[in-house]
There are 2 protein chains.
Amino acid sequence: MPARRYLFTPGPTPVPPQVLAATAEPVLHHRGPDFKALFAETLERLAAVCRTEYEIVLFTASGTGAFESAVANLLSPGDRVLAVSQGEFGERWQKLAAAYGADVVPLAYAWGESPRADDLAAALAETPAEVVFLVHSETSTGVVCDLQPLAAAAREAGALVVVDAVSSLGAVPLETDAWGIDVVVSGSQKALMTPPGLALAAVSPAAWERCERTSGPRFYFDWRRYRRARESAGSTPFTPAVATVAGLHAALGLILEEGLERAFARHAALGRACREGAKAMGLELFSPDEERSAVVTAILTPEEADARELVLALRDRFGITVAGGHGELAPRLFRVGHIGWFDVFDIATALAAVELVLGDLGAPIERGAAVTRALEAYAETVRA
Amino acid sequence: MPARRYLFTPGPTPVPPQVLAATAEPVLHHRGPDFKALFAETLERLAAVCRTEYEIVLFTASGTGAFESAVANLLSPGDRVLAVSQGEFGERWQKLAAAYGADVVPLAYAWGESPRADDLAAALAETPAEVVFLVHSETSTGVVCDLQPLAAAAREAGALVVVDAVSSLGAVPLETDAWGIDVVVSGSQKALMTPPGLALAAVSPAAWERCERTSGPRFYFDWRRYRRARESAGSTPFTPAVATVAGLHAALGLILEEGLERAFARHAALGRACREGAKAMGLELFSPDEERSAVVTAILTPEEADARELVLALRDRFGITVAGGHGELAPRLFRVGHIGWFDVFDIATALAAVELVLGDLGAPIERGAAVTRALEAYAETVRA
């Protein structure tokens, strides 16, 4: 018997068999009518998930590629930008903008903190910026920020607003147009429950306009090439990951069939189940204990148990992959992802295994409470 | 019954069911031991196919992304480069290098011509360049250049040699190390018979050294990030297309099991079968009628038949996708790809259908000769 494997990380996430089957269909030519129809509908479905009328640019790349596209298309060397960071990914975007020669003003929070709109407004009042970069869901810490007032503060200060929604899109509410966001960046491998390999940018008219005036080098990630290829040929400028597009098309169909509101409610319930279960075991949360923490739950181990040992034991004893913590947090932090194709029994499995391993590592935890509490919290939330 | 579909283009190419099945396996986490082992073996197999000891950098991108990586990592603004072009892709690389601010000296041949080493040596003697860009197989015309003397001429002139082997790698002989090539760029979706979405660069020590001194902006395509991630974590810096890596691993296994020499001989025989069949029908070849033309055969229609109508009729009547010609060549040119998972009966199918459609379009062609001659030529070549 092949060993069972459980993928409980915040990306890549488990992919439903219907989606895997779509990726394994015979390969289509990217200039043929079958692919063009699939591609057009995929872009429509992505726009629906982004809640936008804006044009979607789809890259064959990791999420970072789409983020680089925002930097390369919006910034010329010397442009001043403000980048809000509350963890690993916010810091990555600061490095990326700096690599393109931008004058990067950081608004840095400690890992685990949530950025605040009034801080952003004050920072922009002191040092105006042309573009503001925000991370919606900071996968390294489990913090999902309150995006709408942050975007409003940036917009009121006259900046374009770019949002990293790599792990949040499809999991928690995000209203691209209604919240005045100019660029939303995401990837296929998180709540969109498709294998990694595709990344997208939803681009507002103001961002398109700015991209025409930018002077830095760009080719593969040049938005304008994608617009031209779509308009002239209904396709992409370079051979796209056609099989992954077929998977994404199928996955988006499943998501829209469930309905976005229902998907958001399910993610909120999964997050609450995970937090309640962890607390019932006696563990301390690192993620904020609030409804928005619906993407990944970051949990601290008791001092007696090294989180790195926990992660390895889960993997080696049970075939369960959860994520560890970065840097200084590594000895105590682990993260359970619950985005995309997840239900509460995945949470139960993760908590049951964590309980077993922590007990064996000699940590003082409550036995037998986590799974029951998680299921109960899920039922309460779904009923509410 | 679902309609039969025949993909006879020079990329994406048909993918064997074993490879599609590998891509549809449950998704692996890119930092876990299962993926790391798969990734390491995939890089080894790629090095074997490239005939190199150099380090392989694997990107989640189209082939153009890997090509951009060569430009971004090797060139600073103002660097002088010589780019040889004999068709669409050579011209693309000239634009790409220019987009990065390089001083691009073109050595341009008419579409369909084969570049010559003595021309290159003379051009470099007149205007020295730091890097020379070559296209091994020009997919737009079917020309496969005689790469070894071209690379030698560039190297003798003191230039680094970058080769676009997107459609040639695995189909025709290419000796990265023995021929003194510094960077070989290719993609998953051609002779490597994997869905599109992965691109690679094999990078010589001299190219690594140069990449440390380059000043232009780069992040997603920065070779150094990939080296660090591989050395420190056995993985990639950004979430890779794990499912496509699983497919590529399987496909490379099939290729190495067949043996590279046998694969080259099969492609040469397929190319000859296609050319001989087309000639037997009375058609004129646009690709050179030589053994190296083993990737894609470019064929001219008789004046009576518009090639664009032929391409559409093949598609709409028979579900057969072949490629058209670009620009001025479009009214007369069509291209039959025969790379990767192909055998002679695919050539027979393509020729039989072309014969039918051209006859219906009123073109004066010989009926009933092409398939027989193609099979005969294939058998002769394989026996030889």
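## Helices H11 and H12 of chain B

H11(B) and H12(B) cross in a right-handed manner (a crossing is left-handed if the near helix is turned anticlockwise from the far one by less than a right angle, and right-handed if clockwise). Helices (H or I, at least four residues) and strands (E, at least two) are DSSP runs, numbered from the N terminus. H11(B) covers residues 307-318 and H12(B) residues 344-360; their axes lie 10 Å apart, at an angle of about 115 degrees. H11(B) is therefore roughly perpendicular to H12(B). Axes are lines fitted to C-alpha atoms, for helices over the stretch in contact, and angles run from 0 to 180 degrees between N-to-C directions. Angles under 35 degrees count as roughly parallel, over 145 as roughly antiparallel, 65 to 115 as roughly perpendicular and the rest as oblique.

On the H11(B) side the contact is made by Leu310(B), Ala313(B), Leu314(B) and Phe318(B), and on the H12(B) side by Ala353(B), Val354(B), Val357(B) and Leu358(B). Two residues are in contact if their C-beta atoms, placed from the backbone, lie within 7 Å. By class, the contact of H11(B) with H12(B) has eight nonpolar, no polar and no charged residues. Here Ala, Val, Leu, Ile, Met, Phe, Trp, Tyr, Cys and Pro count as nonpolar, Asp, Glu, Lys and Arg as charged, and the others, Gly among them, as polar.

## Model and numbering

This is a predicted model, in which local features need pLDDT of at least 70 and side-chain atom pairs count only at pLDDT 80 or more, while totals for chains, interfaces and linings use all residues. Residues are numbered from 1 along each chain as its sequence is written, and chains are lettered from A and ligands numbered from 1 in the order in which they are written.

## Helices H2 and H9 of chain B

H2(B), residues 33-50, and H9(B) have axes that come within 9 Å and cross at roughly 45 degrees. The two helices, H2(B) and H9(B), are therefore oblique to each other, and their crossing is left-handed. Among the residues that make the contact are Phe35(B), Leu38(B) and Arg45(B) of H2(B) and Val242(B), His249(B) and Leu256(B) of H9(B). The contact of H2(B) with H9(B) comprises 13 nonpolar, three polar and two charged residues.

## Contact between the chains

In the interface, 45 residues of chain B are in contact with 45 residues of chain A. Helices H1 (17-23), H3 (63-74), H4 (88-99) and H9 (242-258) of chain B each supply at least two residues to the side that touches chain A. H3(B) gives the most to this side, with four residues. The side of chain B that touches chain A has 23 nonpolar, 18 polar and four charged residues.

Chain B is superposed on chain A by a rotation of 180 degrees with 0.0 Å of shift along its axis (RMSD 0.0 Å). The two copies are thus related as by a two-fold rotation axis. In chain B, the C-alpha of Ala61(B) is nearest the axis, 2.5 Å from it. Copies are superposed by least squares on the C-alpha atoms of residues with pLDDT of at least 70 in both. The copies meet through the same surface, because 100% of the interface residues of chain B are also interface residues in chain A.

## Domains of chain A

Chain A is assigned domain 1 (17-257) and domain 2 (259-383), with bounds that come from an automatic or database domain assignment. The centres of domain 1 and domain 2 of chain A, taken over C-alpha atoms, are 28 Å apart. Between them, 23 residues of domain 1 of chain A are in contact with 20 residues of domain 2 of chain A.
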